[in-house]
Amino acid sequence: MKGQMVTKLGSIVIDEDVLGKYAGSAAVGCFGVVGMASVNMKDGIVKLLKRDSLRHGVNISMDENGKLRIELHIIVAFGVSILAVAENLVDTVRYNLEEFTGMEVGKIVVCVEGVRVVD
C-alpha cells in the first residue's frame with residue numbers, strides 16, 4: 001500500500017514505511033507513551049522497540065474510501081490514564097499525518113500492549 005494524493009502539479013506517492021515512521025514518531029512524542037511495541041504472535045511476547053524501529057509498532061492500510069487506517073501498538077507509563085493517553089495519541093497522530101501528507105485519516109486503533117514503570 002502506498003499513500004497517494006493528486007495535486008494540480010501531479011501525483012504524489014508516499015511509501016507505507018514513511019507513513020509508519022511518521023506515525024510512530026508522532027506517537028512516542030505523546031505524554032504517557034513509553035514507546036512503540038512489537039508483538040511476537042507466536043510467543044505472545046511484547047517488546048519495547050528502539051527509536052529507530054518505530055515503524056514496526058504501526059500498521060497502516062487504506063480503506064475503501066481512500067482514507068488511511070492506522071493501528072498503533074504502544075506501551076504506556078504506569079499511573080497515567082490510558083483513556084487520556086489514547087485520546088491525545090489519536091488527536092496528535094491524526095493531525096500530524098494529515099498535515100504531513102495531505103491525506104485524510106479515517107480510523108486510528110490504539111492497542112495498549114503493556115505498562116511500564118518510568119523512573
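I took accessible areas from the Shrake-Rupley method with a 1.4 Å probe. On that basis the chain exposes about 7,100 Å², and carbon and sulfur atoms hold 51% of this surface. I keep in mind that the model is predicted.

Fold. I counted two helices and seven strands. I read their order along the sequence as β-β-α-β-β-β-β-α-β. I then checked contacts with a separation of 6 or more: 62% of them join residues 24 or more positions apart.

I found 36% of the 119 residues buried. The largest nonpolar core has 24 residues, and Ile70, Leu72, Ile74, Leu89 and Val93 touch the most other members. I traced where this core comes from: helix 1 (16-28), strand 3 (33-40), strand 5 (58-62), strand 6 (68-77), helix 2 (82-101) and strand 7 (105-116) each give at least two residues. I looked up Val93 next. Beyond its neighbours within four places in sequence, Val93 contacts Ala23, Ala26, Ala27, Ile70, Leu72 and Ile108.

Helix 2. I got 28 Å from first to last C-alpha over 20 residues, close to the expected 28 Å. Which residues of helix 2 are buried? I listed Val85, Ala86, Leu89, Val90, Val93, Leu97 and Thr101. They lie on the same side of helix 2, because their arc around the axis is only 130 degrees. I recalled that an α-helix has 3.6 residues a turn, so residues three or four places apart point the same way. Asp91, Tyr95 and Glu99 are exposed on the face turned away from the buried side of helix 2. Just after helix 2, I noted Gly102 with a positive phi of about 80 degrees.

Notes. Residues are numbered from 1 along each chain as its sequence is written. This is a predicted model: local features need pLDDT of at least 70, side-chain atom pairs count only at pLDDT 80 or more; totals for chains, interfaces and linings use all residues. Side-chain values use heavy atoms; hydrogens and water are left out. Helices (H or I, at least four residues) and strands (E, at least two) are DSSP runs, numbered from the N terminus. Buried means under 20% relative accessible area, exposed over 50%, partly exposed in between (1.4 Å probe, protein chains only). Contact means heavy atoms within 4.5 Å. A nonpolar core is a set of buried Ala, Val, Leu, Ile, Met, Phe, Trp, Tyr and Cys residues joined through side-chain atoms within 4.5 Å. The expected span of a helix is 1.5 Å times one less than its number of residues. The arc is that of the directions from the helix axis to the C-beta atoms.
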